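This briefing concerns the chain interfaces and selected strands of the structure shown below. Please read it with the sequence and the model at hand.

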There are 4 protein chains.
Amino acid sequence: MPLDITGRRPTPLLERFRRVRALSLALVARMSDADASAQSMPDASPAKWHLAHTTWFLETFILRDHVAGHVPFDRRYAFLFNSYYEAEGDRLARPARGLLTRPSLDEIRAWRAHVDAAIEAAWAGLSDEVLALVELGCHHEEQHQELLMTDILHLFSLNPLAPALFEADMPVPAEAATPLRWIEGAQGAVTIGHDADGFAFDCETPRHTVWLAPHALADRLVTNGEWREFIADGGYRTASLWLSDGWAWARTNAITAPLYWRGEGAFGLDGLRPLDDAAPVSHISYFEADAFAHWAGARLPTEAEWESAASGMSAAAGLDTAHAVRPRAAGRGEGLRQMFGEVWQWTASAYLAYPGFRPATGAIGEYNGKFMNGQFVLRGSSCATPRGHSRATYRNFFQPHQRWQFSGLRLARDL
Amino acid sequence: MPLDITGRRPTPLLERFRRVRALSLALVARMSDADASAQSMPDASPAKWHLAHTTWFLETFILRDHVAGHVPFDRRYAFLFNSYYEAEGDRLARPARGLLTRPSLDEIRAWRAHVDAAIEAAWAGLSDEVLALVELGCHHEEQHQELLMTDILHLFSLNPLAPALFEADMPVPAEAATPLRWIEGAQGAVTIGHDADGFAFDCETPRHTVWLAPHALADRLVTNGEWREFIADGGYRTASLWLSDGWAWARTNAITAPLYWRGEGAFGLDGLRPLDDAAPVSHISYFEADAFAHWAGARLPTEAEWESAASGMSAAAGLDTAHAVRPRAAGRGEGLRQMFGEVWQWTASAYLAYPGFRPATGAIGEYNGKFMNGQFVLRGSSCATPRGHSRATYRNFFQPHQRWQFSGLRLARDL
Amino acid sequence: MPLDITGRRPTPLLERFRRVRALSLALVARMSDADASAQSMPDASPAKWHLAHTTWFLETFILRDHVAGHVPFDRRYAFLFNSYYEAEGDRLARPARGLLTRPSLDEIRAWRAHVDAAIEAAWAGLSDEVLALVELGCHHEEQHQELLMTDILHLFSLNPLAPALFEADMPVPAEAATPLRWIEGAQGAVTIGHDADGFAFDCETPRHTVWLAPHALADRLVTNGEWREFIADGGYRTASLWLSDGWAWARTNAITAPLYWRGEGAFGLDGLRPLDDAAPVSHISYFEADAFAHWAGARLPTEAEWESAASGMSAAAGLDTAHAVRPRAAGRGEGLRQMFGEVWQWTASAYLAYPGFRPATGAIGEYNGKFMNGQFVLRGSSCATPRGHSRATYRNFFQPHQRWQFSGLRLARDL
Amino acid sequence: MPLDITGRRPTPLLERFRRVRALSLALVARMSDADASAQSMPDASPAKWHLAHTTWFLETFILRDHVAGHVPFDRRYAFLFNSYYEAEGDRLARPARGLLTRPSLDEIRAWRAHVDAAIEAAWAGLSDEVLALVELGCHHEEQHQELLMTDILHLFSLNPLAPALFEADMPVPAEAATPLRWIEGAQGAVTIGHDADGFAFDCETPRHTVWLAPHALADRLVTNGEWREFIADGGYRTASLWLSDGWAWARTNAITAPLYWRGEGAFGLDGLRPLDDAAPVSHISYFEADAFAHWAGARLPTEAEWESAASGMSAAAGLDTAHAVRPRAAGRGEGLRQMFGEVWQWTASAYLAYPGFRPATGAIGEYNGKFMNGQFVLRGSSCATPRGHSRATYRNFFQPHQRWQFSGLRLARDL
């Protein structure tokens with residue numbers, strides 16, 4: 001890990017640490033204490049909880065474990081803000097997170113300042129191993145920043161007043177989507193997975209060989225306009241397009257459109273806005289993505305196909321200020337576009353271990369491996385993914401019915 | 001209705017109106033926006049919701065219906081803050097009340113001010129019929145004041161930090177409870193129910209005759225100390241003491257003590273405090289009260305027995321400032337004590353219509369009559385009941401498993 | 001208890017015992033082993049289970065407790081066929097009764113024969129106290145005979161083949177219902193409850209005084225034809241007619257007609273048959289009965305009003321052979337008709353203890369008292385009630401949403 | 001498809017058809033009508049339902065669709081016995097299958113005879129395409145034969161009488177399991193999937209290339225004795241061994257041993273018998289198999305590893321008479337043993353489409369593809385798998401918590 005921990009100037013890691021910690025605070029700056037305390041469903045968490053949990057992560061795995069003499073801000077917080085680390089003991093039941101009106105948002109901010117100061121004070125003495133944990137903590141917090149955005153969006157979407165957290169800052173483009181073109185992918189033995197240069201989560205390793213059959217990927221994402229055609233053609237009423245569980249889910253929950261569509265508009269962090277036909281469809285479940293692909297005579301890509309195609313690409317930008325985010329239409333251009341930065345792309349691959357996968361040891365080892373059932377992989381990144389958090393090997397994952405993330409799809413087909 | 005609506009000085013009703021509206025604000029003064037927005041269970045509501053719903057009641061049934069030209073503060077609030085009035089149209093699902101982080105507590109305060117000002121401005125022109133609705137609105141709000149107190153207590157009781165809303169203001173008395181004495185009640189034909197002098201809810205009428213068998217009531221409430229004996233004697237483990245549904249409820253929910261007992265302490269609005277053996281047991285369900293009475297070789301009083309005994313009595317005091325409330329031990333004295341102002345007293349009577357009962361017409365008629373199944377009557381009043389809200393004919397009611405109110409019991413027996 | 005237990009001839013009690021035991025077998029004679037083993041819902045039990053449970057009752061409380069040397073048929077059956085007697089130890093969870101495909105119906109018949117023979121063999125030596133338990137066992141089994149009929153009806157009603165257990169044996173009468181007339185009831189102090197002459201369950205005692213306000217009862221039951229008017233007038237769509245819980249129940253379960261109505265027909269033990277407009281409506285819940293009464297500008301009678309009016313009346317007949325039963329239209333006549341033998345009549349009274357009520361001691365004491373919450377009293381008897389099981393003091397009870405019994409209503413009103 | 005459909009002698013397919021249809025009847029010969037009608041859980045079906053559904057499959061897709069003039073036995077049966085074919089219209093809700101006490105087991109047998117006779121009568125005129133559907137119908141019925149056995153086992157396991165369907169016919173061997181040896185597998189590009197020679201389900205195709213990393217498989221299955229060590233070492237109490245969902249499942253359901261372990265015994269179709277330490281562990285979930293593999297420092301094989309190793313192998317025998325089945329200990333021997341005929345072996349592979357997979361068209365196309373989420377693949381076959389139904393390419397699949405099948409595991413590891 002290329003950290004200059006001896007120099008006078010802030011190291012790149014310290015800069016990253018400061019930037020990450022600051023962005024979290026910026027994201028909640030327009031939230032009231034009440035906004036930041038409510039939990040809209042068991043899958044989501046209060047914004048305050050995200051601020052607190054990421055701080056608990058740092059105070060536990062850095063300060064408690066590696067900085068002698070650190071006095072915890074409040075010993076009771078470990079019970080409140082541990083998420084799912086069995087090795088770290090009992091914790092508050094997940095659906096009860098919304099009942100924690102105390103500590104207040106200001107108290108959590110004070111805790112953050114306390115922990116940040118302690119880490120900075122200890123910085124010069126942290127070993128490479130511990131700095132690697134700090135780096136993990138940054139990536140961990142970036143993940144929670146995206147969840148914080150999607151969770152407050154979900155909360156506000158259930159409020160009949162349709163509140164907007166941010167001003168609208170994107171004009172709705174008048175331009176239509178470009179026609180979909182197919183880009184042939186690599187075939188035969190290809191290598192995927194993280195190659196140990198730079199940060200990655202354990203589940204992205206080890207790098208290994210897979211065999212790809214002849215195939216092609218769409219050059220851009222599926223659009224809102226195309227989704228309207230799917231609906232108009234009876235997509236949500238045609239059982240033969242759907243997985244059995246998906247059909248049952250759609251019937252039980254009366255699903256007839258993406259999560260935040262409201263008539264001709266779509267709800268977002270800037271409130272209710274007209275639907276942009278050229279922009280990528282978002283907030284759809286795996287079940288919907290898979291049904292759409294069947295309807296279109298295509299399929300979803302596998303994660304290996306996606307990663308092979310994305311190899312060498314990276315996100316041009318990313319979330320680095322607090323503002324309303326919405327996925328944008330693909331501009332004109334050649335080759336694969338919209339691989340990063342618009343919506344996470346459902347793949348046909350279950351989230352499972354790579355050959356030779358070994359989870360990290362200790363509590364940190366609970367990070368990924370224990371979720372390897374019942375989930376599908378999403379690739380790329382979204383308009384709510386923090387800057388610097390995207391990479392071609394990244395494996396995001398959710399259950400097939402979940403759709404409160406910025407999730408969409410790119411088509412694939414056999415050749 | 002003895003209202004002097006022509007005089008210069010504020011009429012008693014106007015004074016009452018102002019006092020009621022002010023007390024609600026006082027009760028939430030120490031709550032954060034988050035405290036006031038959270039909902040701990042479907043039975044409870046956020047404090048902010050209580051403030052808003054009582055305001056909706058006034059704006060709807062007074063200003064909208066009877067004051068020409070009134071402009072509603074926000075037309076969307078009717079959907080948010082109607083509780084259960086079918087005649088008033090659709091409304092937010094009850095369990096979703098805790099998701100309304102907007103409007104904020106301050107916005108609700110502004111709405112209250114707007115409505116209060118409009119009512120005061122219209123006051124001189126309000127007919128007697130409308131003033132009767134104002135009086136109903138005051139009593140309605142007083143009911144919600146008590147719920148506001150019990151709901152915030154429930155929310156805080158689920159917070160592992162055990163926050164205290166108020167300072168402790170009651171020393172735990174060292175004195176033991178006085179020995180229980182039996183006071184013989186009236187027998188034969190007695191008359192109960194409201195006699196049309198002063199305010200009453202529709203369900204307290206009409207006044208009618210009932211026949212009482214020979215019986216006696218305990219001169220004081222059952223105490224925490226007596227409840228400890230019940231527990232020590234295996235009360236919660238002895239099926240034969242319990243109603244069948246009660247036994248199932250206790251097993252399913254692992255009930256082994258009153259709701260807020262925590263070891264040797266009890267949680268309250270002043271946080272965790274030592275248990276006072278001489279004080280009345282509180283926060284018990286009908287199921288528990290009934291089991292205790294069986295264990296004690298006694299029974300619960302009927303509501304007619306209770307009312308007959310309480311006839312002519314009234315509460316000495318009541319909640320009129322924001323402070324921590326806890327039921328207090330009975331002092332020495334003769335005759336029936338603690339009839340009002342400590343804990344609501346479960347009776348053996350189901351909540352049903354009196355002979356000749358007629359609900360009010362219109363939406364107001366949904367106030368009581370439609371809840372007449374599955375509930376038991378509680379009589380008296382509690383330490384959280386606003387001053388002036390108690391009377392001998394009052395019929396409070398809850399389901400037999402509910403116990404987040406200040407609910408206790410007084411024993412009765414056949415003679 | 002006036003039993004001639006010394007004579008040579010079978011005593012009246014022995015005759016009753018034999019008749020009851022034989023009727024149970026007759027009722028299941030046309031059922032297959034599968035019919036007799038299935039459980040259609042947790043509220044219902046398999047026919048086989050009824051046969052077995054009533055036998056367990058006799059083997060336990062008569063033979064085990066009072067006949068020296070009795071060897072139980074199979075010691076494992078106590079666990080399987082105890083219903084709810086906590087004092088008798090653990091038992092099979094109620095919803096699992098339908099999984100007991102073994103023992104077979106024939107094995108249960110063999111057990112019945114074994115127990116019957118043992119009781120007859122011991123008869124001459126049974127004390128009066130034990131003979132009272134035999135009598136209780138007869139009444140207990142008669143209750144289960146009615147449940148057996150209603151449970152098999154419910155099971156068959158869920159079978160898309162609409163099977164008929166019995167041949168149709170009642171022509172649908174062409175005659176219209178007689179116009180409803182009001183019969184004035186007693187007022188002031190009246191006495192109700194069992195007076196200790198003949199058998200009664202503990203909950204019918206003690207006899208006591210109640211005070212009745214001026215009122216009248218309808219001379220006949222509400223008919224199917226009248227219920228059609230209620231439906232046509234939007235009865236199931238008018239919230240203001242309903243209790244709050246009833247409205248929620250009707251919405252959640254999409255209730256729009258009595259339980260077994262199927263278009264213009266009604267399902268019964270003789271299969272699907274045309275609806276008879278003049279016959280009493282049946283298989284309605286308390287919620288529906290109460291809403292109908294509101295719609296009709298009337299109310300349900302209290303149990304005291306009903307019993308006072310029925311005093312001195314008794315059922316002319318009753319179920320004594322296995323055949324299809326359906327409630328019949330009221331014939332012409334004067335005074336109160338259809339008090340017994342057609343449908344149980346919902347009253348406005350909650351099922352609670354009479355003043356001075358004391359449950360029996362021991363396991364038998366669990367018979368009634370422990371169900372005294374959340375239920376309403378039904379009076380009279382139905383076309384499925386065994387002969388000799390009806391009386392004016394009888395208190396049947398069910399929860400307000402339950403309607404798989406032969407339950408209907410008679411109107412009352414205040415004078 | 002190499003069918004001799006012109007010869008005089010019964011073709012092999014006709015022989016297979018007769019054998020399959022006869023075996024189903026043999027399997028239920030010892031069941032009562034009640035045994036065959038009960039449903040122990042929504043995942044399971046009554047034996048009678050299996051008999052009927054397989055007959056519906058033949059009557060629908062062969063006789064209705066391809067045999068002119070066929071008169072259905074009972075038109076109402078399609079609604080009752082369609083399983084999940086959306087294209088075939090509405091059907092009985094799955095959890096209600098146990099309420100169909102009519103038609104009786106004998107009526108279903110008569111239906112089977114009717115359909116069998118019609119198919120035999122039409123046989124000579126069936127096209128190759130239709131004979132392929134007959135062959136599919138045979139394989140379909142074989143699948144249901146295994147389910148029929150596991151479903152009745154589950155039902156009987158819930159009966160406190162622990163009934164045995166069959167006599168015990170296997171001595172418990174005294175011999176210990178052989179030491180586990182590792183057999184190195186193929187690596188690099190290998191080909192798997194069905195190659196179009198002989199019958200296969202659509203999901204086994206197309207044959208395609210996968211890349212295997214260096215690995216080894218255990219030469220035999222994990223035994224009951226080894227599972228006891230896992231338990232003794234706290235396997236069920238050690239969160240770090242488990243998937244997150246698995247840990248929650250085990251906690252919620254109080255899982256502490258394989259499904260049918262009862263102390264030192266195991267329940268089976270021959271009743272309760274002593275546990276054989278050398279026999280393969282059976283009736284475990286994926287969650288348990290995965291936790292065991294972690295505990296053992298190994299992992300589960302992928303389905304490609306398993307199939308590559310099994311290539312060219314086939315089951316020596318299979319279920320072809322009605323008798324008690326239990327998995328047997330591995331005998332001595334070289335190389336991979338117990339690949340077929342003992343327990344299905346959980347793999348680490350999610351059940352997903354092979355590259356280039358295309359489901360069959362029409363209702364038959366609902367057979368496999370629509371279940372491709374949330375399930376893991378099991379390979380091999382079990383002691384309850386009919387003879388001739390096993391093959392190396394076979395992909396069985398269940399949800400990770402399900403364990404009422406004969407499911408066990410074989411360990412694998414990376415090299």
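How much area do chain B and chain C bury between them? They bury about 2100 Å², where buried area is the accessible area (1.4 Å probe) that two parts lose on being put together, summed over both. Of this area, 59% is on carbon and sulfur atoms.

This is a predicted model, in which local features need pLDDT of at least 70 and side-chain atom pairs count only at pLDDT 80 or more, while totals for chains, interfaces and linings use all residues. Residues are numbered from 1 along each chain as its sequence is written, chains are lettered from A and ligands numbered from 1 in the order in which they are written, and side-chain values use heavy atoms, with hydrogens and water left out.

**Interface of chains B and C**

- On each side, 29 residues of chain B and 29 residues of chain C are in contact, contact meaning heavy atoms within 4.5 Å.
- Two salt bridges cross this interface, a salt bridge being a side-chain nitrogen of Lys or Arg within 4 Å of a carboxyl oxygen of Asp or Glu.
- R358(C) and D414(B) meet through their side chains in a salt bridge, at 3.7 Å from N to O.
- Six residue pairs, both residues at pLDDT 80 or more, are in polar contact between chain B and chain C. A polar contact is a pair of N or O atoms within 3.5 Å; within protein, one must be able to donate a hydrogen and the other to accept it, and residues adjacent in sequence count only if both atoms are side-chain atoms.
- On the side of chain B that touches chain C, the elements giving two or more residues are β3 (208-212), α8 (244-252) and β8 (344-350) of chain B. Helices (H or I, at least four residues) and strands (E, at least two) are DSSP runs, numbered from the N terminus.
- That side of chain B divides into 17 nonpolar, seven polar and five charged residues. Here Ala, Val, Leu, Ile, Met, Phe, Trp, Tyr, Cys and Pro count as nonpolar, Asp, Glu, Lys and Arg as charged, and the others, Gly among them, as polar.

**Interface of chains B and A**

- The contact takes 28 residues from chain B and 28 residues from chain A.
- Chain B and chain A bury about 2100 Å² between them, with 64% of it on carbon and sulfur atoms.
- In chain B, L99(B), R102(B) and L161(B) lose the most area to chain A, together 34% of what that side buries.
- R102(B) also forms a salt bridge with D35(A), in which the closest N and O atoms are 2.6 Å apart.

**Chain pairs without contact**

- No contact joins chain A and chain C, and their closest C-alpha atoms lie 14 Å apart.
- No contact joins chain B and chain D either, and their closest C-alpha atoms lie 14 Å apart.

**Strands**

- In chain C, strand β2 (residues 188-192) runs antiparallel to β3(C) and is joined to it by five bridges; two strands pair if DSSP finds at least two bridges between them.
- T209(C) in β3(C) is the bridge partner of T191(C).
- In chain B, four strands form an open sheet of mixed pairing in the order β10-β9-β8-β11.
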